[in-house]
Amino acid sequence: MKHLNRRDFIRALGLTSLAAGGMGRVLADPIHEGSQVVDGITASARGGAAFLEDGKVIQPRREVPVFRDTDVLVVGGGTAGVVAALAARRAGVNTTLVERYGCFGGLWTAGLVLIVLCTHVPGEGKRKKMVQGIGDEILARINSQKHGAIDYSADGPHDATTDPEVTKYVLARMLREEGVDIVLHSWVTNAIMDGDAVRGVLFESKAGCMAIRAKVVIDATGDGDVFDAAGAESIPHVHRIGLVHRLGNVPVGPAPEGLNLGGATPIPGVRWVNMQGPQGDCLDVQTLTNCELDGRDAIWNKLKQIQETPGYENVFLLDVASQLGVRASRTLVGTQELRLQDTLEQKAYPDVIGVGGTYPFLKNLPCPIPYGSLVPVRVDNLLASGRCVAADNTMLNYTRLIAPCMLTGQAAGAAAALAVQENCTPRTVDVAKLQGLLRTQGAYLG
Amino acid sequence: MTFLPPRSGCRLAMLAFLAAGALFLPPVVLRYALPGLSPFLFVCAAVAARRVGLPALLSLPMLAFVVRRRRGFCHYFCPVGWLVEVCARTRASANCEYGRVPPIGHWVALLTIGGAVATLPLFLLVDPLALFTGAACGAHVPLSIPQLACAAGLAVVLVLSVAFPLLWCKRLCPLGATQELLAELNGLFARRVSGAPSAARESDLRLARRAFFGLGGGMAVSALAVRAPGVAASRLRPPGAVDDARFATLCVRCGNCVRSCPSRIIRPDVQPPSLTKLLAPTLSFEANYCLETCNACGQNCPTGAIAALSLGAKNACRIGLARIAETGCLLAVEKECSACAAICPRSAIFEEFSPETYTAMVRVDAQTCTGCGACVAVCPPRVISVAPLGLHGHAGESGDEDARLADRRPGMAALSEPTTG
């Protein structure tokens, strides 16, 4: 068994700094022939290769290098994760955000789900904005960019649609301005446990497996990868898996009967087309593979049909989402579950951390979200946010939308920061203080 | 007070009881009181619905009483009779002899009872007690159309009584006529038993002839009406309603169901497919649906037109079948929506994915859907409607289609329902 020696460890660190902030470093030295020979990449951070023992594949036991220590670690750079990181950082704690791809926004950007639903409730004549705070700040900033958003307003009749590239840019800018430590291209694979308490995570990158130690971890993976690894109870779901795409050069005017040209985007002539897709287990890699391949085929088949329609010959496929449209996989078993019946009865939660706009099955009612839906029943130092929070079979169709993800993200970030500052666990955070902090961050709590 | 008709005390007490029932007691009290008090209503409803419920506890003693005491109900209990007599006393000198007016009440009563035998109690809703309670009940809630209709019917009776004092009671009222017929029958029976000289009396023959033609005519008419084509339901009725042809006659339009419905989905039918179904309760799911926590309409129906079902039986009872129009459904145009499937209390709406077109669509499981209407109001593009059931409990035209879909359900259910782990 090979232990990580000091030299290997330094090498690993060197490699990571190359990966994380490395462009400047690489550019500092002159490059010849398009590349430069550097200190060799080895398998040291993996502790050596896996090996066979009685026909079974065995991973070597070894010490995992610690990449970073942080106060709050947010896993997943989708809507919930970005808002959580911003909220935690603004509350004054060191915050690290790990994202598996190279951009922020998750399904909102890489998934091309461009409409921000349920930010408002109907009011007298005009709609009333429910989703305020950091989420609305992001939307406002996107809207201030040229071709950033359409239909964004305080009380307008429509939900805002944003441009994915503008959104990616704005999210990254805001994170960098606040000083959030960003780790991209890194896939969190496991939790570090100390009894029932989470102490950090392991993640895989090109440099192998490394650890990030954190006082509080926020699971914004959407699939609940972290709380599942930590042993928290969760409920598995099967839901439709779609693949969204954008069309370019689409003529203005109503689409002919039977032709689905999707919704408008901030770019003239470009429309985004949603896809429902088949139901499947989003945690099964073969299902995801099939959905990806079948979805692309279906998109090209539908495009052919569009291009055969007179007047639409020049429509082209602009892009297909780089992330599958996973709607639900795991939801947390929280100390409180968001239930349809409770919401329809407008149950008052003493620990409300956000109020979302309405959605068709909510019959024009707003949706208060309790803090308990973010808190695992048993595991400590861990909060859920985004799509995987505790919600029943119906309400997960609400919590998975962008605007509710903003709310649960901000609440998780603020609560995690409070827990660090008060030296307590998220479970024992003073709810009144949390609500106070959320209000100072602009959140609307009803 | 000399102005008051005889035996006013008893009848005023009845009036007060009904008024109190209408104002303060839950509508269910009238379910027991109304057919219990009116022998005409009780006999016809019991025969037509083929069911004798708890109201019989009140009805049978009343029936026994009116058999022995000719027009006992009129004399001691009838609140309408009392009002008619008060009206009559405003015209003390008027002629109250109507010997030459045919006994219309007898014919109405006989036709209705005969009809009830063939399940259609033809003129049940002219029962004066039904008119009275329909008009008086629910004074504490906003006026409803059936209430106004009953009040109008009662007003007609009273105006008639001012113009022709006591004509209603003596010649028109089917409730009074029922009592007379019962008493006649009893007299005939008593004479038979006592072995008195059996020379056929002219009045007995007349009665027998009237009974033969009245009962027979009623039976024939209602038997023909029941078998007539086109009687399949074209209206949604409250859960537990009897078949539509019977419903139109068994329902006395008292409005109890309309008033007792907490979701206010029961409405008097103002645009009926035929005039006989005017103001019969029908359902509208525009704003709400038939709650799974409620069985009030049947519990409050005085005649059994809507069966008094237990909550479990009511929830299993099929009102209709939800239909989702394919064009307009948001899911079919790839928009995020599952409002109908989410709200369905019986999980009868499921998603179906077509690998050929690569699109999803929501379907209704015809075996599970009860037509409660929960999906109608939540559908954002409003493309869901509930189709009334046909004669044999199957939904209208494309029942086969739904059965075919239902067969495909199990596989989808396994996929769409989450397992707790």
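1. Start with B:Arg71, which is buried, having 21 other C-beta atoms within 10 Å. Buried here means 20 or more other C-beta atoms within 10 Å of the residue's own, exposed means 12 or fewer, and partly exposed is in between, with C-beta atoms placed from the backbone. B:Arg71 sits in the loop between helix H4 (56-68) and helix H5 (72-76) of chain B. Helices (H or I, at least four residues) and strands (E, at least two) are DSSP runs, numbered from the N terminus. The phi of B:Arg71 is positive, about 50 degrees, although this residue is not a glycine. For context, most residues other than glycine have a negative phi.

2. A word on what you're looking at: this is a predicted model, where local features need pLDDT of at least 70 and side-chain atom pairs count only at pLDDT 80 or more, while totals for chains, interfaces and linings use all residues. Residues are numbered from 1 along each chain as its sequence is written, and chains are lettered from A and ligands numbered from 1 in the order in which they are written.

3. B:Glu334 is another one to check. Its phi is positive too, about 65 degrees, and it is not a glycine. You'll find B:Glu334 in the loop between strand S3 (320-324) and H17 of chain B. Is B:Glu334 buried or exposed? B:Glu334 counts as buried, because 21 other C-beta atoms lie within 10 Å.

4. Now the contact between the chains: chain B puts in 23 residues and chain A 20 residues. A contact here means that the C-beta atoms of two residues, placed from the backbone, lie within 7 Å. On the chain B side, the elements giving two or more residues are helix H17 (339-343), strand S4 (349-354), strand S5 (359-364) and helix H20 (409-416). H17(B) has the largest share of that side, with 3 residues. By class, the chain B side splits into 13 nonpolar, 6 polar and 4 charged residues. Nonpolar covers Ala, Val, Leu, Ile, Met, Phe, Trp, Tyr, Cys and Pro; charged covers Asp, Glu, Lys and Arg; the others, Gly among them, are polar.

5. Over to chain A, where the domain assignment gives domain 1 (1-24 + 39-63), domain 2 (67-237 + 329-440) and domain 3 (240-326). Those bounds come from an automatic or database domain assignment. Taken over C-alpha atoms, the centres of domain 1 and domain 2 of chain A are 32 Å apart.

6. Strand S10 (residues 187-194) pairs with strand S11 (residues 197-205) in the antiparallel sense over 7 bridges; strands pair if DSSP finds at least two bridges between them. There are 2 residues between S10(A) and S11(A), and A:Gly195 in that turn has a positive phi of about 70 degrees. A:Asp194 stands opposite A:Ala197. S11(A) then runs antiparallel to strand S12 (residues 208-219) of chain A, joined by 6 bridges. That hairpin also goes through 2 residues, and A:Gly200 has A:Arg213 as its bridge partner in S12(A).

7. Chain A also has an open sheet of 3 strands, in the order S18-S14-S20 with antiparallel pairing. Its edge strands, each pairing on one side only, are S18 (279-280) and S20 (325-326). Strand S14 (residues 239-242) and S20(A) share 2 bridges, and A:Gly242 has A:Gly325 as its bridge partner.

8. Last, A:Gly436 in helix H11 (residues 431-440) of chain A. A:Gly436 is partly exposed, because it has 14 C-beta neighbours inside 10 Å. A:Gly436 and A:Ala232 are 204 residues apart in sequence and 28 Å apart in space, C-alpha to C-alpha.
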